[in-house]
Amino acid sequence: MKWVKFRIKTITVAEDIIISSLYDIGLEGAQIEDKVPLTALEKEQMFVDILPEEQEDDGIAYLSFFVEKKEDGSLEVQGETTDTESLLKKVEQELRNIRLFMEIGEGTVTVDETEDIDWINNWKQYFHQFYIDDILVIPSWEDIKSQDQDKLVLHIDPGTAFGTGMHETTQLCIRQLRKFITPETRLLDVGTGSGILAILSLMFGAKHALGTDLDICAVDAVADNCRANGIDPADFELLIGNIITDKQIQDQVGYECYDIVAANILADVLVPLTPVIVSHLKPGGIYITSGIIDDKEQVVRDAAEAAGLEILEVTYQGEWVSITCRKG
C-alpha cells in the first residue's frame, strides 16, 4: 500500500487552524511534530514508564497528512478522485487563505511517497522477548523456545499507548510485588496501562486485581493481555477514570479493601496520589511505588510519610527508584 504524505512547516500557534482548514478539504488525522512542553494534565495522563525527553520549544511545527495512493496513481478525498498535484494546490491555497489573517511561519509544503504506513503495528519490529529475572516476557508474534518451556511466561502485547515491561521502573515494581503477594492478596494497580503488574500479580497467586487508568485504550489492551495469559476476566476488573480527583471512581474502587496498591507512575503524580491511596489500603496494607527518577526520591518519601505511611524498603535500578511503604 502506498501513501502520499503532505508535510507542512508552520508554527505552533497555527497548528489548530491549519488542521481545521485542511480537515474541511478532506485531509484528516494530522501527525503533529513540535517541541511544545507537556502540560501538567498531559503529564498526569501519561501513566507510562518514562516521559519523553523534552527539548526547548522553538515555535516550529510540522504537520503531516497521509492520503492512500491507488494502483492507478490517483487519490481519493471526500469520495472524489483527484491527484497529488491537484490536492497540493488545494493545500497551498488553504495556507494562503489562512495567511491573510494570521502568521503561519514558512507555510511550505513538501510531498513524499511512502509505503505500508501502519501506525499500529510498525513498532512491533522493536519489541522482542526478554527476561525480567526468571520471567520470560514475550509478544504474541514470537514463539517460546524449547529451553524456555518451563519458565514463567508473560504474554504481552502492549499496543501503542503503554509500556512493555522493559523499563527499570516496571521491573522494580514487579520484584516488590513478588515479595508481598499471597493467595489472599487483593491488588489495586493505579495506572495499569497494558495490565502487566496486575496480570503478573495474578500469576504470582494474588486472589483479585483491580486496575485504574485514564486512557480508554487500556480497556482493549488489558482484555487482550488477560486473554493471552489465560486470566479470568472476573479476576481482573478495570475502571477508567482519575482516582486522585474523581470521588465516583474512589467509591467504585472501595475503601480499606486492598492488601497491596501498586503505582508505577511519576513522582509528580505519586505526590497527590499517595494521601488518596491510604484510604483504599487495608490496615497493614503495602503501597509499592515506582516511576521515580532518583532526584525525586525525597519528594515521594516526604509524601508517603506525610500520609502516615511507614517506609519499608527503597530499591534502585539505574537512575530509577521504587519506594515500598506500609499503612499502620
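Which residue's side chain meets that of aspartate 224 in a salt bridge? I began my notes with this pair and found that the partner is arginine 227, at 3.0 Å from N to O, a salt bridge being a side-chain nitrogen of Lys or Arg within 4 Å of a carboxyl oxygen of Asp or Glu.

**Ground rules.** I am working with a predicted model, in which local features need pLDDT of at least 70 and side-chain atom pairs count only at pLDDT 80 or more, while totals for chains, interfaces and linings use all residues. Residues are numbered from 1 along each chain as its sequence is written, and side-chain values use heavy atoms, with hydrogens and water left out.

**Entry 1, the chain.** I noted 9 helices and 16 strands in the secondary structure of the chain; helices (H or I, at least four residues) and strands (E, at least two) are DSSP runs, numbered from the N terminus. Of the 328 residues, 45% are buried, where buried means under 20% relative accessible area, exposed over 50%, and partly exposed in between, with a 1.4 Å probe and protein chains only. I also looked up the contacts (heavy atoms within 4.5 Å): among those between residues at least 6 apart in sequence, 69% join residues at least 24 apart. The accessible surface comes to about 16200 Å², of which 49% belongs to carbon and sulfur atoms; these areas come from the Shrake-Rupley method with a 1.4 Å probe, and for residues only the protein chains shown count as cover.

Aspartate 224 and arginine 227 both lie in helix H6, 3 residues apart, about one turn of the helix. I recorded aspartate 224 as partly exposed at 40% relative accessibility and arginine 227 as exposed at 60%. H6 itself runs over residues 217–228, and its 12 residues reach 17 Å from the first C-alpha to the last, close to the 16 Å expected at 1.5 Å a residue; the expected span is 1.5 Å times one less than the number of residues.

I then asked which residues of H6 are buried. They are Ala218, Ala221, Val222, Asn225 and Cys226, and they cover an arc of only 125 degrees around the axis, which puts them on the same side of H6; the arc is that of the directions from the helix axis to the C-beta atoms. The cover over these buried residues includes strand S9 (152–155), helix H5 (196–203), strand S11 (208–213) and strand S12 (236–240). On the other side of H6, Asp220 and Arg227 are exposed. After the helix comes glycine 230, with a positive phi near 70 degrees.

I found Ile216, Val219 and Ile240 forming a nonpolar patch on the surface, with about 240 Å² of accessible area together. Patches are made of residues with over 30% relative accessible area and no salt bridge, with like charges joined within 9 Å and nonpolar side chains (Val, Leu, Ile, Met, Phe, Trp, Tyr) within 5 Å. Isoleucine 240 is in strand S12 and counts as partly exposed at 31% relative accessibility.

The structure holds 17 salt bridges. In one of these, the side chains of lysine 9 and glutamate 106 meet at 3.1 Å, N to O. Lysine 9 lies in strand S1 (residues 2–11) and glutamate 106 in the loop between helix H3 (84–99) and strand S6 (108–115), so the pair ties together parts that are 97 residues apart in sequence. I noted lysine 9 as partly exposed at 22%, and glutamate 106 as partly exposed at 46%. Lysine 89 also meets glutamate 85 in a salt bridge, at 3.7 Å, N to O; being 4 residues apart in helix H3, they are separated by about one helical turn.

Glutamine 78, in the loop between strand S4 (75–77) and strand S5 (80–82), has a positive phi of about 55 degrees and is exposed at 58%. Aspartate 133, in the loop between strand S7 (130–132) and strand S8 (135–138), has a positive phi of about 55 degrees and is partly exposed at 47%.

Leaving aside residues up to four places away in sequence, its contacts include Leu172, Ile292 and Tyr316. Aspartate 294 is 27 residues from valine 321 in sequence and 5.9 Å from it in space, C-alpha to C-alpha.
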